[in-house]
Amino acid sequence: MKRKKETGRRVFLDDKERENVVSYYLMEDQAKGIYGVAVEKCRIEEGVIEWDSVPHLSYSREDARKMTERLMEYCVTPVSLAEAVDTIMWMEDEDGGTVI
């Protein structure tokens, strides 16, 4: 069974002064025992306008949870999710092998 749980959200105005809500999710594939992350951007009047995920991020729930915190910290949107995850993981690896 695959599940996703919202871990937080950010609200911001775009260049046309429209309110955007970006939600961050921790994903779990119970059958495979693997965790991932997802990001969803929506506008109240339009619904979901962007969505992306990295479903196979880690076998550690804690590492995936920490990744969602980093994504929120850096205000990552769905368009840049894959690149942001890659960069965050590279930065952590370069920083002496610290955990996300």
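**Strands, turns and what lies inside**

Reply: Let's start at a turn: four residues separate β2 and β3 in their hairpin, and G33 there has a positive phi near 65°. Keep in mind that this is a predicted model, where local features need pLDDT of at least 70 and side-chain atom pairs count only at pLDDT 80 or more, while totals for chains, interfaces and linings use all residues. Numbering runs from 1 along each chain as its sequence is written, and side-chain values use heavy atoms, with hydrogens and water left out.

Me: What makes β2 and β3 a pair of strands?

Reply: Strands are DSSP runs of E with at least two residues, and helices are runs of H or I with at least four, numbered from the N terminus. Two strands pair if DSSP finds at least two bridges between them. Strand β2 covers residues 19-29, and nine antiparallel bridges link it to β3, residues 34-43, so the two count as paired. Across these strands, S23 has E40 as its bridge partner, and V22 sits opposite K41.

Me: How do you know that β1 and β2 pair too?

Reply: Same test, so count the bridges: there are eleven between β1 (residues 2-13) and β2, in the antiparallel sense. One example is V11, with V21 of β2 opposite. These strands also make a hairpin, this time with five residues between them.

Me: Why is S23 called buried?

Reply: Buried means under 20% relative accessible area, exposed means over 50%, and partly exposed is in between (1.4 Å probe, protein chains only). S23 has 2% relative accessibility, so it is buried. This residue belongs to β2, a strand where ten of the eleven residues are buried. Its contacts (heavy atoms within 4.5 Å) beyond four places in sequence are E6, G8, R9, A38, V39 and E40.

Me: What makes β3 largely enclosed?

Reply: Ten of its ten residues are buried, so the rest of the structure largely encloses β3. In a regular strand, side chains alternate between the two faces of the sheet. For β3 both faces are covered: one has I34, G36, A38, E40 and C42, the other Y35, V37, V39, K41 and R43, and all of these are buried.

Me: How do you know that L57 is buried?

Reply: Its relative accessible area is 13%, so L57 gets that label. L57 is part of β4 and, beyond four places in sequence, touches residues including Y35, V37, A64, M67 and V85. M67 is ten residues from L57 in sequence, with 9.1 Å between their C-alpha atoms.

Me: What is meant by a nonpolar core here?

Reply: It's a set of buried Ala, Val, Leu, Ile, Met, Phe, Trp, Tyr and Cys residues joined through side-chain atoms within 4.5 Å. The largest one has 17 residues, and those with the most contacts inside it are V37, L57, M67, L71, L81 and V85. Two or more of its residues come from each of β2, β3, β4 (47-58), α1 and α2. Take V85: beyond four places in sequence, its contacts are V37, V54, L57, M67 and L71.

Me: Which residues make the nonpolar surface patch?

Reply: Y74, W90 and M91 make it, over about 360 Å². Patch residues have over 30% relative accessible area and no salt bridge; like charges are joined within 9 Å, nonpolar side chains (Val, Leu, Ile, Met, Phe, Trp, Tyr) within 5 Å. A salt bridge is a side-chain nitrogen of Lys or Arg within 4 Å of a carboxyl oxygen of Asp or Glu. The areas come from the Shrake-Rupley method with a 1.4 Å probe, and for residues only the protein chains shown count as cover.
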